Amino acid sequence: MRILAFEALRAVDERDAYANLVLPPLLRKARESAEAGSGPRFDSRDAALATELVYGTLRHQGTYDAIIAECVDRPLREVDPPVLDVLSLGAHQLLGTRIPTHAAVSASVELARVVLGDGRAKFVNAVLRKIATHDLDGWLERVAPPYDEDPEEHLGVRHSHPRWVVSALWDALGGGSAGVEELLAADNERPEVTLVARPGRSTPAELLDAVGGQAAVPGRWSPYAVRLTEGGEPGALEAVRDGRAGVQDEGSQLVAVALANAPLEGDDRRWLDGCAGPGGKAALLGALAAERGASLLAAEKQPHRARLVARALAGNPGPYQVIAADGTRPPWRPESFDRVLVDVPCTGLGALRRRPEARWRRRPEDLEGFAPLQRGLLREALAAARIGGVVGYATCSPHPAETRAVVEDVLKGRGGAAVSAEWIDARPLLAGVPELGDGPDVQLWPHRHGTDAMYLALLRRTG
C-alpha cells in the first residue's frame with residue numbers, strides 16, 4: 001500500500017496530476033494483480049489505507065512541511081522531492097493516523113529502502129524518529145506562530161492552507177473571525193461520495209435500495225441526491241454503470257436544479273450548457289429538460305472533455321447535442337436559448353476537499369488569469385439568451401473576484417459593452433437550504449452545507 005501511495009504522490013508532484021485521477025488506476029492494477037496471483041494480497045482494507053495515506057498526506061502537506069523543516073538540517077527546498085514524499089507519508093502515519101509509532105517508522109524506512117536506497121533510508125529513519133517525539137498538537141505549538149501575532153499564518157500552518165488562500169477565504173466569509181477556522185477544517189475532511197439520480201431515468205429510492213442497509217441516506221438538499229455514508233465504489237451500481245445515475249456533489253446538483261426551476265415566461269424549449277465539461281451538470285440538465293420536452297445543447301471547448309460530456313449524456317431520453325466549441329466565440333446565433341448555464345473555469349478554491357493538491361498549485365495571480373475568460377463567457381451567455389431568458393453563472397470558488405465581481409462588471413459594461421439584465425433571487429430556488437446570505441446570489445460552503453463551495457448568480461435578460 002505504501003509503495004502505491006508513494007507512486008501516486010510522485011505523479012502528483014512530477015506531472016501535476018490530480019490524485020483523484022491517478023489513484024483509481026493504481027488501486028485497480030493492484031487489485032487485478034492480486035486476483036491474478038501475480039501480486040501481493042490486496043483487499044478493500046488495503047485500498048482504504050492507500051487512499052487515506054495519499055489524501056491525508058496531500059491535505060496536510062503544509063503542516064507536515066513545517067514540522068519536517070524543524071527536523072532536518074537543511075532548507076526544505078534542498079531535500080529531494082522523492083525523499084520529502086516518503087517523509088510526508090511517514091509524518092501522516094505518525095501524526096494523522098492510529099498506526100502505532102514503531103510500525104509507522106519501520107514501514108516508512110522500509111519504503112525508503114526500496115524506493116530510495118539504504119543511505120536515504122537512514123536519513124528518513126533519523127527524521128521520523130525526531131517527528132515521533134511529539135504528537136500533532138505538540139508540534140503545532142512549536143511550528144505555528146501565535147494566533148494573536150499572525151492569525152493568517154497561524155491558521156495556515158494549523159490547517160494546511162497557503163497564507164493567501166486563508167486570506168481569500170476569510171474575505172469571502174465577510175472578514176469576521178466567525179467560520180473561517182471551521183471552513184479550513186472542513187477543507188481537510190474526507191467528503192462523502194454523493195450520487196445523483198437523473199430524473200426520468202432513475203430515482204433516489206432505487207439507489208438507496210441498491211446500496212442497502214445504513215450505507216446510504218438521502219441527500220440533504222437536492223431531491224435527486226443520495227449520500228454514501230460508508231464510501232464504496234459507485235461504479236459497482238447498475239444505475240451508475242448505465243448512466244442513469246452519476247457521482248455529483250450536491251452543490252453542483254443545486255446549481256442545475258435552480259437554473260431549471262427559475263421562473264420563465266414564454267417558450268422553454270431550448271437550453272444551453274456553455275461550459276459543459278466534464279458533464280455532471282449537463283447530464284442533470286439534460287434529464288430535467290427531457291421531462292419538459294426541451295432540448296439541450298452542451299458545448300465544451302476541449303475535445304477530450306466534450307467526449308466526457310457525450311458519455312455522461314448518452315442514453316438521455318430527450319433531444320440533446322454535444323459539440324466542441326469555445327463559449328467566448330460561440331457558433332450559435334444570439335438570443336437562441338431560453339435557459340443558459342455557464343459553470344466557468346476558476347481557481348477551484350471551493351473544491352479543496354476533493355482536490356487538496358490544488359491549494360498548493362494555485363497562486364494569487366491565477367485570479368487575474370481567469371478574469372477575462374470568466375467575463376467573456378458570462379457576456380456571451382447573456383447574448384445567447386433570448387429577451388426574458390434566464391442565465392446561470394456558476395463557479396466552484398468562493399473568491400469574490402471570481403463570483404459577484406464578475407457579474408457586476410459584466411452588467412455594468414466594465415471591459416465590454418453593458419448587458420441589459422436583472423438579478424433573480426436564487427435563494428427561494430434552493431428550498432430548505434439555510435444560511436444563504438442576503439442574496440440575490442448564493443454562496444454554498446463545505447462547513448455550513450456539506451457541499452463544495454459553489455457560487456450561483458441567476459440573471460434574466462431584459463434587452
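Which residues are linked with Arg10 in a network of salt bridges? I looked this up first, keeping in mind that the model is predicted. The network takes in Arg10, Asp13, Glu14 and Asp85.

**Salt bridges**

I ran the search over the whole structure and got 35 salt bridges. I then went through a few pairs one by one.

Arg244 pairs with Glu206, with 3.0 Å between the closest N and O atoms. This one links distant parts of the chain: Arg244 sits in the loop between α13 (238–241) and β4 (245–247), Glu206 in helix α12 (residues 204–211), and they are 38 residues apart. I checked burial for both ends. Arg244 has 19% relative accessibility, so I put it down as buried. Glu206, at 29%, counts as partly exposed.

Next I took Lys281 and Asp343, whose closest N and O atoms are 2.4 Å apart.

Arg386 is buried at 13% relative accessible area, and Asp338 is buried at 0%.

**Helix α2**

With 18 residues (19–36) at 1.5 Å a residue, α2 should span 26 Å, and I find its end C-alpha atoms 26 Å apart, which agrees.

Which residues of α2 are buried? I get Ala19, Val22, Leu23, Leu27 and Ala30. Looking down the axis of α2, I see these buried residues fall within an arc of 130°, so they line one face of the helix. They pack against α1 (2–15) and α3 (44–59). On the face turned away from the buried side I noted the exposed residues Leu21, Lys29, Glu35 and Ala36. After α2 comes Gly37, with a positive phi near 80°.

**Domains**

The domain assignment gives domain 1 (1–137), domain 2 (144–187), domain 3 (193–247) and domain 4 (250–461). I looked at the first pair only. The C-alpha centres of domain 1 and domain 2 lie 27 Å apart, and their contact takes 6 residues from domain 1 and 5 residues from domain 2. About 340 Å² is buried between domain 1 and domain 2, with carbon and sulfur atoms giving 36% of that area. I looked for salt bridges across this interface and the rule finds 0.

Where are the cis peptide bonds I noted? One runs from Gly277 to Pro278, with omega near 0°; Pro278 is in the loop between β5 (270–273) and α15 (280–291). Another joins Gly439 and Pro440, omega about 0°, and Pro440 is in the loop between β10 (421–424) and β11 (442–443).

That loop between β10 and β11 also holds Glu435, which has a positive phi of about 55° although it is not a glycine. Glu335 likewise is not a glycine but has a positive phi, about 60°. I found Glu335 in the loop between β7 (320–324) and β8 (337–343), and at 40% relative accessibility it counts as partly exposed.

**Ala421**

Last, I looked at Ala421 in strand β10. Residues it touches include Leu382, Leu411 and Leu459. From Val165 it is 256 residues away in sequence and 32 Å away in space, C-alpha to C-alpha.

Notes
Residues numbered from 1 in each chain as written. Predicted model: local features only at pLDDT ≥ 70, side-chain atom pairs only at ≥ 80, totals over all residues. Heavy atoms only, no water. Helix = DSSP H or I, 4+ residues; strand = E, 2+ residues; numbered from the N terminus. Expected span 1.5 Å × (residues − 1). Buried < 20%, exposed > 50% of the residue type's maximum accessible area, 1.4 Å probe, protein only. Arc of directions from axis to C-beta. Contact = heavy atoms within 4.5 Å. Domains from an automatic or database assignment. Buried area = accessible area lost by both parts, 1.4 Å probe. Salt bridge = Lys/Arg side-chain N within 4 Å of Asp/Glu carboxyl O. Lists of a residue's contacts leave out its neighbours within four places in sequence.
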